[in-house]
Amino acid sequence: MRVITVEEHFHHPDAVTRVLELTGPGAIVPDQGFGKFLQGFMPDQDSAERLGGNRLAHMDRAGIDIQVVSHGGNSPSSLDHPAAVELCRKVNDALAQQIAENPTRFRGFATLPLHDPAAAADELKRCVNELGFVGTLVMGTCGGLFLDHPRFDPVLTAAEDVDLPIYVHPGMPPNPVSTTYYAGNWPAAAHFLFAGPAFGWHAEAGIHIVRLILSGALDRHPGLKLLSGHWGELVGGWLDRLDETFAWGVELERPVSEYYREHVWATPSGMYNHNQLNYMLNEIGAERIIHSEDFPYLVRDDVAAFLTEAALTEEQRNAIAHGNAERLMRI
C-alpha cells in the first residue's frame with residue numbers, strides 16, 4: 001500500500017528568526033516552567049530543518065512513501081509585514097532545493113505572503129509552475145483577517161487557476177483572543193496548549209472554513225479546493241448543527257454541509273482514532289479523507305498501520321492512503 005501524507009512540516013531557521021523579530025511578544029506570559037516546557041515541546045532540529053536524515057529514516061520505518069511538506073510554526077505566510085514577500089520566496093526556494101535531493105519522496109506546499117495578496121497569488125503560480133509544488137498551506141490569519149476577506153480574492157483566484165488545494169492550517173489566535181479565551185489561573189504551558197494544539201487553534205481553523213462558506217467565497221470560487229486537518233477542525237463533526245441553525249436566518253445557495261462535502265478534504269493530522277475515522281467516513285466518505293501525520297510535531301510509528309488495521313474496504317484504504325492525494329494534487 002502506497003502512503004502519502006500531507007500535513008508534514010519543516011522549519012526554515014532564518015525565516016523563523018526574522019518572523020519572531022518582526023512579530024514581537026505573543027500573548028503567553030512566561031512563568032518559571034515555560035522555558036523548559038518549550039524545550040520539550042519543540043521537535044529536534046534535524047527532523048524540523050532537513051528532509052533527509054531523521055525524517056527520511058522515520059518515513060521508512062512508518063511506511064510513508066511521500067510527504068507533502070510545508071512550513072511549520074512561525075511561518076512568514078501569516079506575517080503582516082512587507083518582509084513576508086522575500087521571506088516566503090526564500091522558504092519556497094529552500095524547500096524546492098531539499099525536495100530535489102529526494103524527488104521521489106517529497107512534494108511541497110507553497111508558503112504565501114498574505115500581507116501582499118497580489119504577490120501571494122504570483123508566488124503560488126511560481127511555486128506550481130516553476131518549482132512543481134502541489135498547492136499551498138495557510139497558517140492562521142494575517143493581520144487579523146481570514147481568507148474570506150475581499151483583499152485575499154487574488155489568492156483564491158490563483159488557487160482556482162492552478163487547480164490545487166489550500167490547506168487551511170491552524171494558527172495561534174490573535175493576542176486579545178488568546179488572553180480573553182485561554183488565559184486563566186493555570187501555568188503558561190496550559191495557556192499555550194489551550195490556545196493552541198489542545199483546542200484553540202482547532203476552533204480557529206474550523207472558523208476559517210465556516211467563514212469561507214458564509215461569505216460566499218465558495219460561490220465566487222466554485223473550483224476552490226480546501227484541506228482541513230485534525231478530522232476537519234471540529235467542523236467536520238458539526239455539519240448537521242450548522243445546517244439547522246444557519247437555516248434560521250442565513251440565505252445561502254446550498255446548505256453548509258453541501259459546501260463542505262463538495263469543497264473540503266479532511267485529514268487526521270496524526271489523531272489516529274478509529275472512532276473518528278469511522279465517523280468521518282460516514283459524514284464525508286472515504287473519497288474526502290487524505291492521510292497525514294503532522295510530522296515533526298507528532299512522530300507516529302503506526303502511520304501505515306493505522307490504515308491497514310482499520311475496518312476499511314481495500315478501495316477505501318487505497319483512496320485514503322494515496323489515491324485521493326494523487327488525484328487532488330496530481331502526484
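Axes here are lines fitted to C-alpha atoms, for helices over the stretch in contact, and angles run from 0 to 180 degrees between N-to-C directions. This is a predicted model, in which local features need pLDDT of at least 70, side-chain atom pairs count only at pLDDT 80 or more, and totals for chains, interfaces and linings use all residues. Residues are numbered from 1 along each chain as its sequence is written, and side-chain values use heavy atoms, leaving out hydrogens and water.

**A helix pair**
- Helices α13 (residues 239–246) and α14 (residues 256–263) have axes that come within 8 Å and cross at roughly 140°; helices are DSSP runs of H or I with at least four residues, numbered from the N terminus.
- That angle makes α13 oblique to α14, as angles under 35 degrees count as roughly parallel, over 145 as roughly antiparallel, 65 to 115 as roughly perpendicular and the rest as oblique.
- L239, L242, D243 and F246 of α13 meet V256, S257, Y260 and R261 of α14, where contact means heavy atoms within 4.5 Å.

**Helix α10**
- Of the 15 residues in α10, 12 are buried, meaning under 20% relative accessible area with a 1.4 Å probe, protein chains only.
- Among the buried residues of α10 are W201, I209 and L212.
- Just after α10, G216 has a positive phi of about 85°.

- L226 touches I166, V168, I209, L212, L218, H263, V264 and W265, not counting residues up to four places away in sequence.

Definitions and conventions: Helices (H or I, at least four residues) and strands (E, at least two) are DSSP runs, numbered from the N terminus. Buried means under 20% relative accessible area, exposed over 50%, partly exposed in between (1.4 Å probe, protein chains only).
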